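Subject: Structure for your review

Dear colleague,

Please find the structure below, handed over for your review.

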Amino acid sequence: MSLTFPLTRNAQPKTADQVASVLADPGFGTYFTDHMAVATWTADEGWSGSEIRPYGPFQIDPAGAVLHYAQEIFEGLKAYRHADGSIHLFRPEANARRLQTSAARMMLPGLEVEDFLTAVTELVRADAHWVPEPEGEKSLYLRPFMFADEVFLGVRAAQRVTFSVIASPAGPYFAGGVKPVDIWVTDSYARAGAGGTGSAKCGGNYAASLIAQYEGYQHGCSQVLFIEATGKDRVEELGGMNVFLVTADGTLITPALTGTILEGVTRSSVLTLAAELGLDTDERQVHPDELFSGIREGRIVEAFSCGTAAVVTPIGSFRTVEGEWRLPENGLPHTMAIRNAILDIQYGRVPDTRGWMRRVV
Ligand code: COI
């Protein structure tokens, strides 16, 4: 049976002035709305207790399994306000399916696509006044997540799990806005290995990437690019985003999904839109030397990262201990065309011919 998420209203919601001040400059991931979606799963009873309730802390027992063995997964998607005031989600079914894939890998329970959609829809409806106006590419970032909260220290799949969705008004992910970002290519750390959890959206992957990201900060970069762990012969992805390279003849290259890379919803949307913009696309293995020599010799003329939070963000350079490979400052025509094409759909500035948008308000 499908889950319902009945609303218990927050008796002390933020005032209109407080909401307006957050929406004026939301940043990323700092402020949260008045409500959250929650459901609980047990091995005996399946899902129950689904509701939208006031935003607030969970009570987690010190022996709660997630605190010890990191059995946790999450998603990221956004709600966009269109010029007529309506609110839409972008491809939420893709996030729902990916949560199922991640759950299977991490021995967490499956959540029906329909139940995922109900949870995010009802949360956005409850907090609709938190969805910013479209100016400045603002949106309401939605963070569905699931974690093991059984009180048990044995190492096995938890018998009790919590699913939740929280919402956070968002501006650009990178502080500098759409300016090209510099990327550190780490030689010291790997994000994932064959048979590991690289293709699951689990917190552990992000925890493992932090040290490399800090290495990047120390070299003046805002993100890190990971290379395949064993042979060091394949470009994989950034700390929290997929990567694309654009060749001089207008081909978009992105690392193939080899099981160690997250299958990004924005990545797949970019591949579809690129073809429609008349660009060739090539999903394949990319050797780091191909990246560096391609930039040096003018075969690779643009690069960008993409993800729900980052949308499409141009890359200015790749750096390693050996040097810097800077992309030409040529106005980034393909990157910006892709970026605008995706934003135009998300903000309803062009017709949604692919059925990607789901109206919720
Ligand atoms: C997203 O883009 O939604 C992510 O989960 C990545 C994270 C860097 C914010």
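A salt bridge is here a side-chain nitrogen of Lys or Arg within 4 Å of a carboxyl oxygen of Asp or Glu. Please note that the model is predicted. By this rule Glu237 forms a salt bridge with Arg191, the closest N and O atoms being 3.4 Å apart. The two partners come from distant parts of the chain, 46 residues apart: Glu237 belongs to strand S10 (residues 235–238), and Arg191 to the loop between S8 and helix H5 (203–218). Glu237 is buried, with a relative accessible area of 2%, and Arg191, at 6%, also counts as buried.

Further salt bridges

In the whole structure the search finds 20 salt bridges. Asp182 and Arg319 form one of them, with 3.1 Å from N to O. Asp182 is in strand S8 (residues 181–185) and Arg319 in strand S15 (residues 311–320), so this pair ties together parts that are 137 residues apart in sequence. Both Asp182 and Arg319 are buried. The two also belong to a network of salt bridges that links Asp182, Arg319, Glu324 and Arg326.

Another pair is found within a single helix. Arg125 and Glu122 both lie in helix H4 (residues 113–126), three residues apart, about one turn of the helix. Their salt bridge has its closest N and O atoms 3.3 Å apart. Are these two residues buried or partly exposed? Arg125 is partly exposed because its relative accessible area, 42%, lies between the limits of 20% and 50%. Glu122 is partly exposed as well, with a value of 26%.

The two domains

The domain assignment divides the protein chain into domain 1 (16–170) and domain 2 (181–346). Their contact takes 20 residues from domain 1 and 22 residues from domain 2. The C-alpha centres of the two domains lie 26 Å apart. About 1700 Å² is buried between domain 1 and domain 2, and carbon and sulfur atoms give 58% of this area. Which three residues supply more than any others of the area that domain 1 buries against domain 2? They are Phe74, Phe90 and Arg98, which together supply 33%.

Across this interface the rule finds one salt bridge. Arg339 pairs with Glu137 in a salt bridge, the closest N and O atoms being 2.3 Å apart. Between the domains, 14 residue pairs are in polar contact. On the side of domain 1 that touches domain 2, the elements giving two or more residues are strand S3 (72–74), strand S4 (77–81) and helix H3 (92–105). The largest share of that side, five residues, comes from H3. By type, the residues of this side divide into nine nonpolar, four polar and seven charged.

A buried serine

One further residue deserves a note. Ser86 is found in the loop between S4 and strand S5 (87–90). Ser86 counts as buried because its relative accessibility is 3%, under the limit of 20%. Its side chain joins that of Asp84 in a polar contact of 2.6 Å. Leaving aside residues up to four places away in sequence, Ser86 touches Tyr80, Arg81, Arg359 and Val361.

Yours sincerely

Conventions: Residues numbered from 1 in each chain as written. Predicted model: local features only at pLDDT ≥ 70, side-chain atom pairs only at ≥ 80, totals over all residues. Heavy atoms only, no water. Domains from an automatic or database assignment. Contact = heavy atoms within 4.5 Å. Buried area = accessible area lost by both parts, 1.4 Å probe. Polar contact = N/O pair within 3.5 Å; in protein donor to acceptor, adjacent residues only side chain to side chain. Helix = DSSP H or I, 4+ residues; strand = E, 2+ residues; numbered from the N terminus. Nonpolar A, V, L, I, M, F, W, Y, C, P; charged D, E, K, R; others polar. Buried < 20%, exposed > 50% of the residue type's maximum accessible area, 1.4 Å probe, protein only.
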